[in-house]
Amino acid sequence: MTSNNSAQFLPALPLVSKDSAKSPQIMHLLRHFHLGNPTAAEQLETLSDDFLPALLSAYRDASQLRYDYPLYLCSCDLLQDTDVSLAKPISSFLHETVEIFAPSADSAIALKDNLPWIERSLRDTTRNIEGPTLIKPLLIESCETLVKHLNFNEDNQEKIKKDIDQLIKNIPDDGLILGYGRFPALHLLMHLITHQSLPQLNQFKKETEKYIQDLQVLLDVDDTKKDDAKSSSSLKSNISSNQFFNTESLSKVVKKHSQGSVSMSDSRRKRIEESLDVLKKFKEKETLVHIVHASNVIENSSWLDESLCFTNEHHDDPCQRATEIFDQEAKELATVFAAARIAKLELDHLYDENIHDPWFNNFNWEAFSKKELILVPSVIVLEAANRLVDESMVSFSHLLNSGRPVNVFVRVQAHNNPGAKANEDPFHNYRTELGYLGISHRQAVVTQCSAARHELLLSHFDTALNATRTSLHLINVGLREMGEDSGLNAWLVAGAALEGRAHPFFVVDPGAGDSAADRFDFSGNPQPERDWPQQKFTYKNDAGEITEQDFDFTFADYALLIPRLHRHFSLIPPECDSEYLLPIAEYLALPEDDVDNLVPYIWAVNKNNDMRMLAVSRALVHACRDRLNFWHSLQEMSGVRSRYIEDAEIRFKSDAEMEIAKQVAQAKAEFDAELERVRTETASDVMSRLTDMLLGMDLSTTTPTIRPPSSSENSQPTTEVVEEAPQEVIEEEIEEESFEDAWIDTPLCTTCNDCTDMNPLMFVYNDTNQAIIADLNAGTYLQMVEAAEICPSKCIHPGKPWDNSEPDLDELIERAKPFN
């Protein structure tokens with residue numbers, strides 16, 4: 001889709017100043033309107049019919065809108081190629097066809113440039129044609145009109161005519177085009193049925209012809225085993241030019257050499273002959289689809305009467321009548337299918353009367369294979385949504401539970417409530433969701449889709465037909481009574497129903513498995529994880545500045561597209577300024593108890609590009625909550641957003657956090673205990689060594705000096721005995737030596753890795769996994785001081801700097817004093 005986004009065409013807020021004095025009175029009126037007071041609406045500005053939801057205002061001019069329809073429907077002959085699409089947008093088809101004879105960029109330029117014109121012409125032409133029609137005549141007419149419209153000179157006119165001739169030549173004579181009429185989804189369903197049925201019918205026809213031929217040979221061989229077949233008269237009648245043969249002599253030879261042959265039993269011969277007779281009489285049916293509908297479901301059914309291979313029947317109870325039609329068709333074909341199966345068993349010499357006789361005596365549609373079910377002419381029920389929850393409910397439910405592969409086709413209005421009474425407000429009660437009703441019939445295929453998304457629709461139909469079960473198809477086509485100012489076409493309205501969660505897409509296939517994850521397909525819904533889809537919207541604010549904002553598209557936005565629902569909206573005066581006005585998406589996200597004083601609104605734009613806020617009635621808000629509730633149910637069934645999963649995630653996270661906290665506490669307790677043990681043992685060991693050293697010294701002749709080991713010595717403290725000196729000299733030397741070299745009180749090390757992580761070259765572990773200084777020159781004095789500061793056992797003693805060129809040494813020496 002395309003739209004004009006230039007600044008001059010942007011929607012704009014009114015250039016009106018906010019009036020705080022009038023706002024309370026306006027809010028009083030708006031609250032009364034919201035709560036359903038009809039007199040309040042009379043005092044507010046009337047809503048004109050040209051207002052559209054803000055996010056759709058750019059597509060107001062339907063004549064400039066390019067979308068998928070009309071569709072080109074490929075012929076069944078071409079569909080034998082699996083790479084060929086059943087249906088494709090006419091724009092794609094025309095482009096691909098032109099590329100066949102003009103693949104280069106500089107060929108057929110005029111025709112390529114005007115393909116959008118031809119596309120628009122075909123769209124306008126098919127708008128009033130219900131059902132598929134041959135594309136060639138319409139395309140020839142459009143191309144002739146194009147040539148006149150272009151008014152080229154003679155040379156250029158001749159060129160484009162030649163290209164047009166090539167275009168027409170490359171289009172199949174039986175190619176069809178389908179416009180977006182009232183029943184595009186039904187036409188696509190019938191096209192798909194034709195595509196599936198014809199190849200199967202042709203294949204079955206070939207198989208039956210082969211069975212007929214082979215069974216006849218089988219009987220002929222058996223005939224030769226009988227005595228009368230060996231007589232001279234029988235041989236004479238079966239041999240041409242018998243004047244050259246002596247049939248009497250030949251008869252004697254045949255009898256002599258066929259004594260070991262045994263004729264088939266009478267029961268087997270009878271069975272083969274009966275099967276052969278049935279197969280010979282079988283003729284494929286011309287009817288591929290039976291359509292049954294109530295008289296008021298289709299306003300004009302003349303297009304059904306004109307369809308080839310389809311029958312059309314009115315009935316007061318279409319579901320019951322469809323059951324009868326299917327049973328009759330299946331009963332007739334059961335005899336044929338049984339004969340074909342018997343033929344195969346007999347030809348393969350596998351028929352066992354004890355096993356197969358009872359089976360074929362009770363053979364009916366429930367024993368049909370999938371291929372055989374496809375060969376039964378399809379039966380389609382066209383029903384109205386309101387009838388299914390009223391007079392047709394019983395037969396409808398019986399049909400869904402029967403398993404018969406009948407397709408129940410229901411065209412629904414996304415804004416309506418099928419359970420509402422005639423002329424009743426659709427928001428008066430909770431909506432009857434036919435999709436949910438269909439799901440409750442657990443063995444039926446249920447699809448909810450729209451003709452506006454033809455590829456997904458065909459995928460849903462294909463799932464249903466291949467399931468060979470009863471199928472319910474809930475289809476929205478977006479038709480509406482469009483006024484002169486409304487602009488939007490049915491295709492865009494149908495797409496809006498999808499966006500606004502009014503008609504979400506899903507398919508339920510019970511044959512895919514027992515779990516919802518297997519049988520439920522939720523694809524095709526925009527932003528399925530969110531409550532409402534969100535899009536960027538660009539407009540001019542009340543200061544004239546271009547602004548971009550995220551807008552949610554809600555069910556209320558979709559409701560604005562329906563003229564008869566306009567009474568649920570009221571224009572909010574632009575001068576009103578109140579904190580109690582809230583976008584409806586935010587309003588719906590709040591608990592119901594917290595919104596009593598609030599008034600929800602949506603953004604809308606009229607044909608003059610005036611952007612206004614529309615207050616929303618409480619009845620419509622309830623409808624939004626109801627649709628959101630159904631949306632949440634679908635999210636849960638599809639697994640996109642499940643409360644069970646969310647609760648499980650919370651429990652798992654809580655359990656994981658508790659387990660981690662438990663492990664951390666346990667590790668901390670073990671660490672503290674180990675640290676205390678090491679400290680106790682180390683202190684005891686140091687005191688013991690000191691005691692031993694002091695007891696072994698001769699204090700009368702020597703003075704002990706305990707000095708730290710150098711980096712090249714063992715990390716254990718050493719004792720050196722020196723000659724006695726004056727006390728003042730001894731104290732000075734001890735003081736100087738104790739601050740001279742960096743050292744580690746290794747027995748106190750707790751193996752915390754802090755120092756080794758800081759500089760693994762300067763600090764290493766010894767054999768007992770405790771730190772020692774390996775190489776002072778591998779690090780800096782700064783690192784030594786920082787290691788001392790972070791050491792948990794305070795066993796690192798930086799000493800004095802060993803590199804006087806290192807910066808900031810005075811500060812570092814001061815920081816090192818507490819550890820020396």
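Colleague: Are F551 and W603 buried or exposed, and how is that judged?

Modeller: A residue counts as buried under 20% relative accessible area, as exposed over 50%, and as partly exposed in between, with a 1.4 Å probe and protein chains only; on that scale F551 is buried, and W603 is buried too. Please keep in mind that this is a predicted model, in which local features need pLDDT of at least 70 and side-chain atom pairs count only at pLDDT 80 or more, while totals for chains, interfaces and linings use all residues. Residues are numbered from 1 along each chain as its sequence is written, and side-chain values use heavy atoms, with hydrogens and water left out.

Colleague: How many aromatic pairs are there, and by which rule?

Modeller: Rings of Phe, Tyr and Trp (its six-membered ring) pair if their centres lie within 6.5 Å, and the planes then decide the class: under 30 degrees apart is stacked, over 60 is edge-to-face, and the rest are tilted. The count here comes to 23 aromatic pairs. Y436 and F630 make an edge-to-face pair, because their ring centres are 6.0 Å apart and their planes stand at 80°. Helices (H or I, at least four residues) and strands (E, at least two) are DSSP runs numbered from the N terminus, and this pair links distant parts of the chain, with Y436 in helix 18 (residues 434-440) and F630 in helix 24 (residues 618-638), 194 residues apart. Y436 is partly exposed at 44% relative accessibility, whereas F630 is buried, with a relative accessible area of 6%.

Colleague: What class does the pair F551 and W603 fall in?

Modeller: That pair is stacked, because the ring centres lie 6.2 Å apart with the planes at 0°. F551 belongs to strand 15 (residues 546-552) and W603 to strand 18 (residues 599-605), so the pair ties together parts that are 52 residues apart in sequence.

Colleague: Which strand do the 7 bridges join to strand 15?

Modeller: Two strands pair if DSSP finds at least two bridges between them; here strand 14 (residues 534-540) runs antiparallel to strand 15 and is joined to it by 7 bridges. T538 stands opposite E548 in strand 15, and in the hairpin of these strands, which has 5 residues between them, G544 takes a positive phi near 85°.

Colleague: Why is helix 20 described as largely enclosed?

Modeller: Helix 20 (residues 490-499) has 9 of its 10 residues buried, so the rest of the structure largely encloses it. Contact means heavy atoms within 4.5 Å, and what covers the buried residues of helix 20 includes strand 10 (445-450), strand 11 (471-476) and helix 22 (555-559). Just after helix 20, R501 takes a positive phi of about 60°.

Colleague: Which residues have the most contacts inside the largest nonpolar core?

Modeller: A nonpolar core is a set of buried Ala, Val, Leu, Ile, Met, Phe, Trp, Tyr and Cys residues joined through side-chain atoms within 4.5 Å. The largest has 168 residues, and I380, Y558 and L620 have the most contacts inside it; helix 13 (residues 318-347) gives the most to this core, with 15 residues. Another core, of 25 residues, lies apart from it, and includes Y72, I118, L139 and I177.

Colleague: Where does pLDDT stay under 50 with 46 contacts beyond four places in sequence?

Modeller: pLDDT is the predictor's confidence in each residue, from 0 to 100, and the chain averages 87, with 86% of the residues scoring at least 70. The stretch you ask about is residues 699-739, while residues 256-260, also under 50, have 1 such contact in the model.
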